[in-house]
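Thank you all for coming; I would like to take a few minutes on the packing of one structure.

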Amino acid sequence: MIFAAGLGTRLKPLTDTKPKALVRVGGQPLLWHVVTKLKDAGFERIVVNVHHFADQIIGYLAANQNFGLDIRVSDERNGLLETGGGIKKAKALFTTESPILIHNVDILSNVDLAAFYEQVQDKDATLLVSPRHTKRYLLFDDSMRLQGWTNIETGELKGPISDNKTAVDHSSLKKFAFSGIHVFHPALFEPMKEEPDRFPIMDFYLKNASSYVISGYLKEDLRLMDVGKIDTLDQAEQFLQEIKNK
């Protein structure tokens, strides 16, 4: 699934007339980069959620014959559902047997998606993480099972670590940054029934981390760019050349 429904407010004024997914980097829309990366990795069915300028995305996919893939659109034009709600709404568009790889449309990276997907089939969810510097970190124990989330500037904690702070020594946990790429097993649709129509997937993972196996997959050599701001577009062009040449 590609998350492509966002308003792209940080990419204004470009997104005043087009969706973030169709903003061009290296001569092609962001959506093209993610779809072709997934296709090259062997994925055959892709779900794309839409909201902002939805017709443009639907038209772009049709003009490209869905890239020769089974591409299904999850329509959120009636209201953005956030990341968790987006997955929940799209449930009927997935196969129930296979884990679902989730990828933000504005993420460019050097991740081998096929290798990542194949290695995490036995978990309820797996979040691709790295040692990248940020102010918001996911917290994992020695087995890389998710224990919480923290904002190191404010000291805020979420997840199992905040429910019972004596259960796990906060200082002993490993801190890693989330990449915006994760694998979601259909078994998690069961607890998702209790969620509202709109909710963030990370809060859902943290809420269910004690009952389900939500793990981190550490990629030490991750090269990643979040093309979320207007001033990152030129950098993104150079970044694409760098990861292409390595």
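How many residues does the largest nonpolar core have, and which of them have the most contacts inside it? This is a predicted model, in which local features need pLDDT of at least 70 and side-chain atom pairs count only at pLDDT 80 or more, while totals for chains, interfaces and linings use all residues. Residues are numbered from 1 along each chain as its sequence is written, and side-chain values use heavy atoms, with hydrogens and water left out.

The largest core has 44 residues, and I2, L31 and I57 have the most contacts inside it; by a nonpolar core I mean buried Ala, Val, Leu, Ile, Met, Phe, Trp, Tyr and Cys residues joined through side-chain atoms within 4.5 Å, where buried is under 20% relative accessible area, exposed over 50% and partly exposed in between, with a 1.4 Å probe and protein chains only. A second, separate core of 29 residues includes I102, Y205, A209 and I214.

Turning to the aromatic rings, Phe, Tyr and Trp (its six-membered ring) pair if their centres lie within 6.5 Å, with planes under 30 degrees apart stacked, over 60 edge-to-face and the rest tilted. The count comes to 8 aromatic pairs. Y60 and F67 form a tilted one, at 6.0 Å centre to centre and 55° between the planes, and both residues are buried. The rings of F116 and Y217 have centres 5.0 Å apart and planes at 65°, so this pair is edge-to-face. F116 counts as buried because its relative accessibility is 2%, whereas Y217, at 21%, counts as partly exposed.
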